[in-house]
Amino acid sequence: MNRHCIAAFFLALFVFGAMSQPCQAARDNAPAKQKQEKMKPLMQLDLRKLWKEAKSISREKVDTRAKRYMMLIYSSAERNELGITWNELEKTREDMLAEQQMELVLLGCRYIFNGAEAKNANLPVLLEENLSEALSKELKVSRRTVVLFNSKGKILKVADLDMLRDWQQCLKGSKEGTPTSDNKKQKPVSKLSKIVNKLIYQTKKRPNLNAENYVFLISHRTCGICCAEMPNVVREYENMRKDNRLEIILLAGFSPLDAKFYAETYQAPFPVCHGATPELGEQFAEMRQAAGKENMRISAPHAIFMTADGKLLQEGPAGQLIPQWETIIGEAK
C-alpha cells in the first residue's frame, strides 16, 4: 500500500469516526449542543500567550514588536526534513525584519530541533511541548505549513514553503479586512440546511442555505488522489453555482490549519470545514441506515450527495460522482 492510499485510509477513519455510527457525543455526559457551542473557527491566535508559553530554545528571541509574523510549523513526522537550509532561514529572517519588520519563527517538536544548528540559529525556534493543550491543538498540522499572522494574531494566509521563499510577493496579496459572508442574510429553510448553518467554517465562504441538494466532499491535503482531484472539483463547482440547486461542503479533516491550507492551495470557492459537528454525524448515520448502507465502503476523496430533507442520493468516490452531479440531483425530482 503506497503512502497516498495510507493517507486516504486514515482520512476516512478520521472523518467517518463520527459519521458511520451513532454519534459518540451522544454518549458523552455533556450534551452535543453544549459541545458544539465551544467549537470556533480558527481565525486568530493569542500571540501574547504563545510567546509566553513557547520560549525560544535558540539564541534569538521572538521580536514581539513586529508588524507581522510568519511561522513555519513542522509536523512530528518530519524529522530531518526541514525542506530548507538553516542559512536560508536566517537570511530570510534578517531581510524580513529589515524590510517589513516581520518576524520569522519556527515551531516543532523536540526531536525535530534536537541539535546544535537549532540552538545556535539566528531566529526563534519554539517547541510545541511547551505549549498548553489549547494552543498545541490550534497549531497542529499534518504536514510542514507556513502561516502568516498580523501583529494581533489574525491569520492572513496559510501555505507551504513557497510562501516563505517568496514572502515579499506574499505580502502584496495578503488582506487584513474582516471576512464577510455572502450568505449572511439567508435563513435555513430545510432540515439539512439547519445543520449546515451550524457547521464551523474555516474560510469566509458560507453555504447556500436555499440549496435543494448538498454534496459533502471528504478530502485532505495529505491524500495524493484527493489533491489530484481537487482542481476538477473546483472547475465543476462553477457549473453547479449556475444551476444554484447544489452546494458543496468540504470536510477537510485533521486540523483547522490543514483545512485552511487545503482551501487556499486550490482556491476552493465552496465552504470548507475542519470536520463534522455531532448533529451532522447523527444525520449521516440516520441517512445511511435508512438507505441500508451502514457498511458502505469509504473512499478518498469521498462524496455524499443528499437532498435538503436528508435523503441519500449517491455516495462513493468523488472523482466518479462529482462529474455526474446533474444526473444525480436529477434523480431527486
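A cavity here is a set of grid points where a 1.4 Å probe fits but cannot get out.

**View 1. The largest cavity in the predicted model.** A search of the whole structure finds one cavity of 30 Å³ or more. The largest cavity has a volume of about 30 Å³. Its lining is made up of Leu107, Glu128, Leu131, Ser136, Leu139 and Lys140. By class, three of the lining residues are nonpolar, one is polar and two are charged.

**View 2. The whole chain, for orientation.** The protein contains 14 helices and 10 strands. Of its 333 residues, 51% are buried. Contacts with a separation of 6 or more were also examined: 70% of them join residues 24 or more positions apart.

**View 3. The open sheet β3-β2-β1-β4-β5.** Five strands form this sheet, and the pairing is mixed. The edges are β3 (125-127) and β5 (155-159); each has a single partner strand, so one side of each is left without a neighbour in the sheet. From one strand to the next, the twist averages 25 degrees. Strand β1 (residues 68-73) pairs with β4 (residues 145-150) in the antiparallel sense, over six bridges. Arg68 has Asn150 of β4 as its bridge partner.

View 4. Thr145, Val147 and Phe149 point one way from β4. Val146, Leu148 and Asn150 point the other way. Both sets are buried.

**View 5. The hairpin of β4 and β5.** The two strands pair in the antiparallel sense over four bridges. Val147 stands opposite Val158 in β5. Four residues lie between the strands of the hairpin. Gly153 takes a positive phi near 95 degrees there.

**View 6. Helices across the sheet that holds β1.** Helix α4 (residues 86-100) lies across β1, β2 (102-108) and β3. Its direction is at about 145 degrees to β2. Helix α11 (residues 256-265) lies across β1, β4 and β5. The angle between α11 and β5 is about 75 degrees.

**View 7. The open sheet β8-β7-β6-β9-β10.** This sheet has five strands with mixed pairing. Strands β8 (272-273) and β10 (312-317) stand at the edges, each with a single partner strand, so one side of each is left without a neighbour in the sheet. Strands of a sheet pair through backbone hydrogen bonds, either parallel or antiparallel. Strand β9 (residues 302-307) and β10 run antiparallel and are joined by five bridges. Met306 has Leu312 of β10 as its bridge partner.

**View 8. Helices across the sheet that holds β6.** Helix α10 (residues 224-243) lies across β6 (213-218) and β7 (246-251). It runs at about 150 degrees to β7. Helix α12 (residues 278-290) lies across β6, β7, β9 and β10. The angle between α12 and β9 is about 80 degrees.

Methods. Residues numbered from 1 in each chain as written. Predicted model: local features only at pLDDT ≥ 70, side-chain atom pairs only at ≥ 80, totals over all residues. Heavy atoms only, no water. Pairing = 2+ DSSP bridges. Contact = heavy atoms within 4.5 Å. Axes fitted to C-alpha atoms, helices over the stretch in contact; angles between N-to-C directions. 1 Å grid on protein atoms, 1.4 Å probe; cavity = no way out; pocket = protein on both sides within 12 Å on 5 of 7 lines; lining within 4 Å. Points joined across faces, edges and corners; volume = space filled by probe spheres on them. Nonpolar A, V, L, I, M, F, W, Y, C, P; charged D, E, K, R; others polar. Buried < 20%, exposed > 50% of the residue type's maximum accessible area, 1.4 Å probe, protein only.
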